[in-house]
Amino acid sequence: MDDKNRYIRNPDFIFRKVVDEMILVPIHQNVDEMDSIYSLNDVGAFLWECLKEPMTLQALKSRLEAEYYAPSDKISEDVGTFLEALLAYNAVLKQ
Amino acid sequence: MTNCIFEPDLNLDQWTQSLLKPLAGERYPLSATIELTERCNLSCRHCFINQAAGDAHIKKAELTTDQWKSILNQMADSGTMFLLITGGEPLLRPDFPEIFVHARQLGMIVSLFTNGTLLSPNLVNLLAGFGLHSIEISLYGATPQTYEKITGVKGSYQRCIHGINLAIERGLRLNLKSVILTLNHHELSQMQALSEKLGMKFRYDSTLWPRVDGDLSPLQYQISSQETISLDINDPSRRAGWEDTAEQFQGQRLRNEMVFTCGAAYRSFNINAYGQMIPCTMVRQPAINLLETPFLAAWKKLGKIRDLKRTKGSECETCHINALCIQCPGWSLAIHNDYETPVAFICTQSKERAKFIFSKKDVFTQETTNEKTV
């Protein structure tokens, strides 16, 4: 994962807030098991919102840093974990 | 698996329970059933809702595509996650694909109840491509003669089987279901065998409902209580289901205080073909017009029925076998036009069922003793 790439939401995943859960629902897959629905925490939901437009890793970190007061290594870790997981889940695309 | 034949078998119970945990007892419009149309291309003799496929007057009164989309948008904004699309025959509406895709694009988990006769290769591709959660096809017989005696439409059996095959070929999560009546009772085991051969789950109901307009004519095809009980105790999976329920709720008086004890207007609601929000498929009052009332205001209004307390002092309030009884406000409304009065034949049927399920227990004996002393 480097800063040359830009990342964006996969439009085939829909963000929903249901009861207290923030989830991503794939619209082209059968949601037959609960592990096909991805739950986000507050930071994840914030980053998902940011990714409505293509963003670099650095830009994402800056946005998160501006929103949450946290040490920069923690910010880097959170953004990295988020991107890694959602790229694997195919909910985020690399451009 | 749900006990209510009007609800889909979602296979997501665990996930749903964890989702709902923070709510405690609070109402939430999580699950919806939408009846796209009451019209149907079949004319099943026992059906509680079907109208003629070509009825122009009814067609005109149905919601438009845009109206359905607008209501679905409001439902999604309010947290509705599970959507069952049913009818009538929902595939009769040419805009079914558009409405289905819209619901999926809102992130709803969608299930479909259909008679299967209008499925086409294009349609099953669309359903699969947009992640339909499950499809349940009604099978009314194991032979064309029996099936078409019920549906009244020549060639419909072959079209249903064709639809089933298309769904299987395309890998849709398909379940088969039936309603057992005097006209197809003799083919139940053949229908079960066919489902097994196809590798499909099969469930059936054996209690017929009056029509939604109060017409009792479907009940002429009702099998006897003895026959229903015989199905309940001789079908291993059905018996196991009742035994599990009995064990879970043994002796509990489930209807001693509140009128509504199921999920209707609590976690779920229906919307009929004309845009009215109603508690469930069989409780069609109150009906709140969503073309005049915003969704959340309608949901709030619907919730008033959840506060209703029993006032009639009916036998249900002291009955120990509620868990083995399908009596519900829908039945009372259909037969007695109120929410509480017990329906006699359901009561008789339930007592018979309890005799067998509790054959070695004292629960039914205790209940019988109470009755005698009153």
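Into which domains is chain B divided? Domain 1 covers 12-223 + 260-307, and domain 2 covers 224-259 + 308-374; the bounds come from an automatic or database domain assignment.

Hello everyone, a quick word on conventions. This is a predicted model, where local features need pLDDT of at least 70, side-chain atom pairs count only at pLDDT 80 or more, and totals for chains, interfaces and linings use all residues. Residues are numbered from 1 along each chain as its sequence is written, chains are lettered from A and ligands numbered from 1 in the order in which they are written, and side-chain values use heavy atoms, with hydrogens and water left out.

Back to our two domains. In chain B, the C-alpha centres of domain 1 and domain 2 are 26 Å apart. Their contact, meaning heavy atoms within 4.5 Å, takes 26 residues from domain 1 of chain B and 25 residues from domain 2 of chain B. Between them they bury about 1900 Å², with 60% of it on carbon and sulfur atoms. Buried area here is the accessible area (1.4 Å probe) that two parts lose on being put together, summed over both. On the domain 1 side, have a look at Tyr204(B), Ile223(B) and Phe260(B): they supply 28% of the area that this domain buries against domain 2 of chain B, more than any other three residues.

What about salt bridges, that is, a side-chain nitrogen of Lys or Arg within 4 Å of a carboxyl oxygen of Asp or Glu? One pair to show you is Glu35(B) with Arg284(B), whose closest N and O atoms are 2.7 Å apart. This pair links distant parts of the chain, 249 residues apart: Glu35(B) sits in strand S1 (residues 31-35) of chain B, and Arg284(B) in the loop between strands S10 (276-278) and S11 (288-289) of chain B. Strands (E, at least two residues) and helices (H or I, at least four) are DSSP runs, numbered from the N terminus.

Finally, the partner chain. Chain B brings 27 residues to the contact and chain A brings 19 residues. The area buried between chain B and chain A is about 1800 Å², and carbon and sulfur atoms give 60% of it. Trp15(B), Leu19(B) and Arg104(B) supply 27% of what chain B buries against chain A, more than any other three residues. Across this interface of chain B and chain A, the rule finds zero salt bridges.
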